[in-house]
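Subject: Model and notes

Hello,

Here is the structure we spoke about. My notes on it follow below.

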Amino acid sequence: YKGDIDSYIAQDGYKGLSKALSSHKPQELIDMVKRSGLRGRGGAGFPTGVKWDFIPKDPTLTKYLCCNADEGEPGTFKDRELMEKDPHQMIEGIAISSYAIGAKKAYIYIRGELVKAANILSNSISGAYKKGYLGNNILGSGFSLDIYVHRGAGAYICGEETALIESIEGKRGQPRLKPPFPATYGLYGKPTVVNNVETLSNIPHIVLKGDAWYSQIGTQKSTGTRIFSVSGHVKKPGNYEIPLGTPLREIIENHAGGLREGRRLKAIIPGGSSTPILTPDHIDIPMDFESVASAGSALGSGGLIIMDDTTCMVHVAKRLMEFYYHESCGKCTPCREGSSWILQILERIEGGEGRMEDIDLLINLCKNIQGKTFCPFGDAEIA
């Protein structure tokens, strides 16, 4: 229905917001989301309710909610589809979340390339204002909220929460040193929560159906569903919303249609290009936060990239390093200089002029980037 508010309302849309405002105090909502076990769907997987609870309870303080709709992670395209096809779900989630933390202004920071999604969001927000779900005294509750759509300019680094905040403030999109964390010093120096599109889209369902219902889906520590963006050498690439803990084999073979005829699995990127690559030995791993972490990778943003035996891994590494070198914000020397050096070596190897000592040099370069940058970008590019 692409943003039609009447269709959304007909499917119990905004009932969660109405219930939250009429039946729950802000702290009750925070505790509910904690009990649900919802974890961030943007990459880090941090418990959402815990993040909300970090916000100071002082009612005199100005607070902000930022929706991270930047989605620049290669291999990930779930948030775009959520915004284009079900925007009110996210808008309702923003409204409930803002009420829970005491924010009266919320910003949707959307990736610059997502023009269609930004237009749909703007129209949907206007519709929500007209129906009284946004603006002053929402549903007669005394709670007021304004939402602003802030379009980025296509910088991958602005998916990092502090760089996103800097960009909204009109500064260069570069990460801040933490601490202080956004919960105490965020947008315009005020307490701020930054949540991903998919994370916020879960909130109305948790409020409407209860945290016990939500926590029964998935695994004990990784609750709920997850949208996996499956791409690469599969017959049916696309977005698949399935319970966390679903085996990787089931996702590839049952949902994505399996590999191309006559081909064998070679490698899997489990959570977007910034997560370490898995091998065919991991084909039966449950796709939840703990299991993927124990395998040495991360669930990340849910971007599953499947590669078969036609893939050249040197070419994969070079192509990804081209991206990270281009997108490095330049703030940290190890990332800025290291990415350039690694790319030069990979280009030389793929050009047939590699030397045995290049392997040790690459390992040494990676060690000098890992853990030595302001944000996780440096760790991501050597994953």
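Ser291 sits in helix H12, residues 289-294 (helices are DSSP runs of H or I with at least four residues, strands are runs of E with at least two, and both are numbered from the N terminus). Because its relative accessibility is 17%, Ser291 counts as buried (buried is under 20% relative accessible area, exposed over 50%, partly exposed in between, with a 1.4 Å probe and protein chains only). Leaving out residues up to four places away in sequence, Ser291 touches Ile285 and Pro286 (contact means heavy atoms within 4.5 Å).

The model is predicted: local features need pLDDT of at least 70 and side-chain atom pairs count only at pLDDT 80 or more, while totals for chains, interfaces and linings use all residues. Residues are numbered from 1 along each chain as its sequence is written, and side-chain values use heavy atoms, with hydrogens and water left out.

Sheet with S5 to S8

Four strands form an open sheet in the order S6-S5-S8-S7, with mixed pairing (two strands pair if DSSP finds at least two bridges between them). S6 and strand S7 (265-269) are the edge strands, each pairing on one side only. From one strand to the next the twist averages 30 degrees (axes are lines fitted to C-alpha atoms, for helices over the stretch in contact, and angles run from 0 to 180 degrees between N-to-C directions). S7 and S8 run antiparallel and are joined by four bridges; Ala267 stands opposite Met307 in S8.

Gly238 belongs to strand S6, residues 238-243, and counts as buried because its relative accessibility is 16%. Apart from neighbours within four places in sequence, Gly238 contacts Phe77, Phe228, Ser229 and Val230. Phe77 is 161 residues from Gly238 in sequence, yet their C-alpha atoms are 8.6 Å apart. Helix H5 (residues 78-85) lies across strand S5 (225-232) and S6, at about 115 degrees to S5.

Parallel pair S2 and S3

Strands S2 (residues 105-110) and S3 (residues 146-151) run parallel and are joined by six bridges. Tyr107 has Tyr148 in S3 as its bridge partner. Between S2 and S3 the chain passes through helix H7 (residues 115-130), giving a right-handed β-α-β crossover (right-handed means that, with the strands pointing away from the viewer, the path from the first strand over the helix to the second runs clockwise).

Cores

The largest nonpolar core has 51 residues, of which Met83, Ile94, Ile108 and Ile147 touch the most other members (a nonpolar core is a set of buried Ala, Val, Leu, Ile, Met, Phe, Trp, Tyr and Cys residues joined through side-chain atoms within 4.5 Å). Helix H6 (residues 87-101) gives the most to this core, with eight residues. A second, separate core of 26 residues includes Cys66, Tyr156, Leu343 and Leu362.

H13 (residues 313-327) has 15 residues and reaches 21 Å from first C-alpha to last, close to the expected 21 Å at 1.5 Å a residue (the expected span is 1.5 Å times one less than the number of residues). Its buried residues are Val316, Lys318, Met321, Tyr324 and Glu327, and their cover includes strand S8 (303-308), helix H14 (333-350) and helix H16 (377-381).

In H14, the buried residues include Ile342, Leu343, Ile345 and Leu346. H13, helix H15 (357-369) and H16 are among the elements that cover the buried residues of H14. After H14 comes Gly352, with a positive phi near 85 degrees.

Regards
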